[in-house]
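Biologist: I want to learn how to read a model like this one. Take me through it feature by feature.

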Amino acid sequence: MTRRETYDAIVVGSGISGGWAAKELTERGLRTLVLEAGGAVTMNDFVEHVRPHQMKYRGYGDPAAMRRDHPIQRECYACDEVGHKFFVNDNDNPYTAPADAPFRWFRGRQVGGRSITWGRQVYRWSDLDFEANAKDGHGNDWPVRYADIAPWYSHVERFIGITGAREGLSQLPDGEFLPPMEMTVVERHAREKILAAFGGERVMTIGRAAVLTQDHNGRQACHYCGPCERGCVTHSYFNSIGSTLPAAEATGRLTLRPNSVVAEVLYDPGTSRARGVRVIDAQTMQDVEYEARVVFLCASTIESVRLMLNSTSPTFPDGLGNSSGTLGRYVMDHHYGSGASGNMPGFLDKRAIGSRPNGIYIARFRNVNAEQKDFLRGYGMQGGSGRSGWGRGGGMPGYGEDFKRALIDDLGGWRLSASGWGETLPDVNNTITLDPTVKDKWGIPAAHLDVRWRENETAMDNDMQVGVAEMLEAAGCTNVRTHGSNNPPGHCIHEMGGARMSKTRDEGVLNQWNQAWDVRNLFVTDGAAMCSSACQNPSITYMAFTARAAAYAVDAMNRGEL
Amino acid sequence: MKRRDLLRAAGAATALSFLPRDAEAAWARIAAGYRAAEGLTAAQRSLVGGIADVIFPRTDTPSATDVGVTDWVDLIAAEYYDENVRAMLVAGLNAIDAQVRSRSGRPFAELDADAQREIVGGLDAPADRSTVEARTYSRLKGLVVHGYFTSQRVEREVLRVRTVYPKFDGAADHRPGAAR
């Protein structure tokens, strides 16, 4: 028997985007239901301070459990011996991909979603990004420009707290920064050398991260323990369970329902509106229907598109809101990992103290002011430096007392490395569809992901290696070695597109307010809405679009338009 | 409550409450003498411990076996490695044992310290790195280093690892032997 409840707003997903939707909608007066497919998370689930000796396999991971439960998730660095709890069981949550086009879909189903395990790097996009599609003809023109979203970046940054250094770069706009984290002595040296060698074109800055360098909005400053991806007992990095969801809760208008697998958005052809959603209780397997005046899909790029594709009706036989035929198309991720590393001579009287949960960032320099290369668009670089410590011992000749003393007292030389994060061109043939035969534990058709790197991405990957290597050499590194990347799509966990925004209803799913052209009370504000991928980490852009869309939706409701 | 107190409270709560209890229980069982069915034989454990203590002998800091490195290697062989890798490790340990016995007529553990160091020296700088003995030693050395430096005693007493820091200092002075 189906039970029904009614709210002002429904938000599907409780992660980075869902938390922001919940905060903004409740603070603007709406009784809001947040539906999360996974279970609750408490402070006792956080494991960032567990030492290797407290793990059975000393951090190597439980191979049998990983093979059994996480054969895909375990490829993510954060799915480790104690952090795997924040990743889905692959057996319950299948997806498919063509045999010649592997895809890695790393997923977290729990309250907080992937905001618990994310990399925390936050970079504003610029008009170089929002105008790219229009200029080179790949993908559709964004219906917004930087000026539209800039105030919302500020709105988000002021609330969550971003550490960073102002650089005044047009392609990487500065934000509302807390004090920057410190660069190491080697990074500071490299920054100056690179600036001088490349005429100021290549700028190495400290990473901009959603980690607090001072107490902020009731949350404590970072205590530099290191593995944020395992949670944080002091809420010093941004995740939804430590900031946006508590803010929503404080309004008294939030209802959070974990273990709620949303199977479809219910469409009312009489009003041309979303009536609500059908939920399968993950524990009882019972159907529950929830109704609301507006529905926000914030379930993550692939989940939101999958949900729309699974929400069919006589009006929308190919997926809800898909009159344009673009739903599930133009899917992107960042191709990343190619770069170089080298040894930095000297500085042996210096070391880093504390585990900095952040690295260095080199702003995009290809195709910024003029077309420079045999590929379109560009890449940013992320990396860092350090001394290897005892970790070098396995490959270091020697044994006995002197060997032991060397590993204890001598930290080894400095190494400096960086890798590229590259923009992927939107391509109509990179798709999310529903697998016709495979279903998940709850009987919902699995996603079928056909996403491929193409010629432009390959050319850019090659240039990343050259780009990093020449900077390391300019910085004075020796033994510089390049490395290529074989990471398949999805591996960067920056899935974007599939329900893109557009200027006209025939070329996309959403308008400039993340509002479905065909279903006016349906909003999609996660990565699915993106028209291009830029090369910057995208999460803060999802947050900004979500806050902007929530404000628009409430204003429209107050005007009687929704 | 001051920030320092909050951090201390967070650290204490973590140490007491947030341990992965199955891991603690597993190490307690190992410490009590539990051996996995697929683990190393007594002779192989003796060889592993002997080599490990040549790599990390007891000085003013603990030796490898003082901090349970043999148990760590045994656990990895029994439960972490798949069948193929386990078979390679076991075959390699047997090959090293056979080589030692053929040269000296005795197992590694019964040799004097100089003879043990000479054997480990040959394995550490082999003329041919592709032999089964050299490859096994290389694998074992990696395990010994990891097991030694991740042990609770070495982390606390030797490296003096801290979990939390009041700030990140990217250009701290380094003096050999200084506390981490």
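Modeller: Start with burial in one helix. The buried residues of α1(A) are Ile16(A), Ser17(A), Gly18(A), Gly19(A), Trp20(A), Ala21(A), Ala22(A), Lys23(A), Glu24(A), Leu25(A) and Thr26(A). Buried means 20 or more other C-beta atoms within 10 Å of a residue's own, exposed 12 or fewer, partly exposed in between, with C-beta atoms placed from the backbone. This is a predicted model: local features need pLDDT of at least 70, side-chain atom pairs count only at pLDDT 80 or more, and totals for chains, interfaces and linings use all residues. Residues are numbered from 1 along each chain as its sequence is written, while chains are lettered from A and ligands numbered from 1 in the order in which they are written.

Biologist: Why is α1(A) largely enclosed by the rest of the structure?

Modeller: Because 11 of its 12 residues are buried.

Biologist: How far does helix α1 of chain A reach from its first C-alpha to its last?

Modeller: The expected span is 1.5 Å times one less than the number of residues. Helix α1 of chain A covers residues 16-27 and reaches 17 Å, close to the expected 16 Å. Just after α1(A), Gly29(A) has a positive phi of about 105 degrees.

Biologist: Now chain B. How many helices and strands are there in chain B?

Modeller: Helices (H or I, at least four residues) and strands (E, at least two) are DSSP runs, numbered from the N terminus. Chain B has eight helices and one strand. Its order from the N terminus is α-α-α-α-α-α-α-α-β. Of its 180 residues, 34% count as buried. Contacts mean C-beta atoms, placed from the backbone, within 7 Å. In chain B, 65% of the contacts with a separation of 6 or more join residues 24 or more positions apart.

Biologist: How do I read helix packing?

Modeller: Two packed helices are described by the angle between their axes and the distance between the axes. Axes are lines fitted to C-alpha atoms, for helices over the stretch in contact, and angles run from 0 to 180 degrees between N-to-C directions. Take α3(B) and α5(B): about 75 degrees, axes 10 Å apart. That makes α3(B) roughly perpendicular to α5(B). Under 35 degrees is roughly parallel, over 145 roughly antiparallel, 65 to 115 roughly perpendicular and the rest oblique.

Biologist: Which residues of α3(B) and α5(B) make the contact?

Modeller: From α3(B) come Ala43(B), Gln44(B), Leu47(B) and Val48(B), and from α5(B) come Val90(B), Leu93(B), Ile96(B) and Asp97(B). They divide into six nonpolar, one polar and one charged. Nonpolar is Ala, Val, Leu, Ile, Met, Phe, Trp, Tyr, Cys and Pro, charged is Asp, Glu, Lys and Arg, and the others, Gly among them, are polar.

Biologist: At what angle do helix α3 and helix α4 of chain B cross?

Modeller: Roughly 130 degrees, with the axes coming within 9 Å. That makes α3(B) oblique to α4(B). The contact uses Arg45(B), Val48(B), Gly49(B) and Ala52(B) of α3(B) with Val69(B), Thr70(B), Val73(B) and Asp74(B) of α4(B). Here the classes are four nonpolar, two polar and two charged.

Biologist: And between the chains, how many residues of chain A are in contact with chain B?

Modeller: 48 residues of chain A touch 49 of chain B. On the chain A side, β11 (350-353) and α9 (400-409) each supply at least two residues. α9(A) gives the most, with six. By class, that side has 23 nonpolar, 13 polar and 12 charged residues.

Terms used
Two residues are in contact if their C-beta atoms, placed from the backbone, lie within 7 Å.
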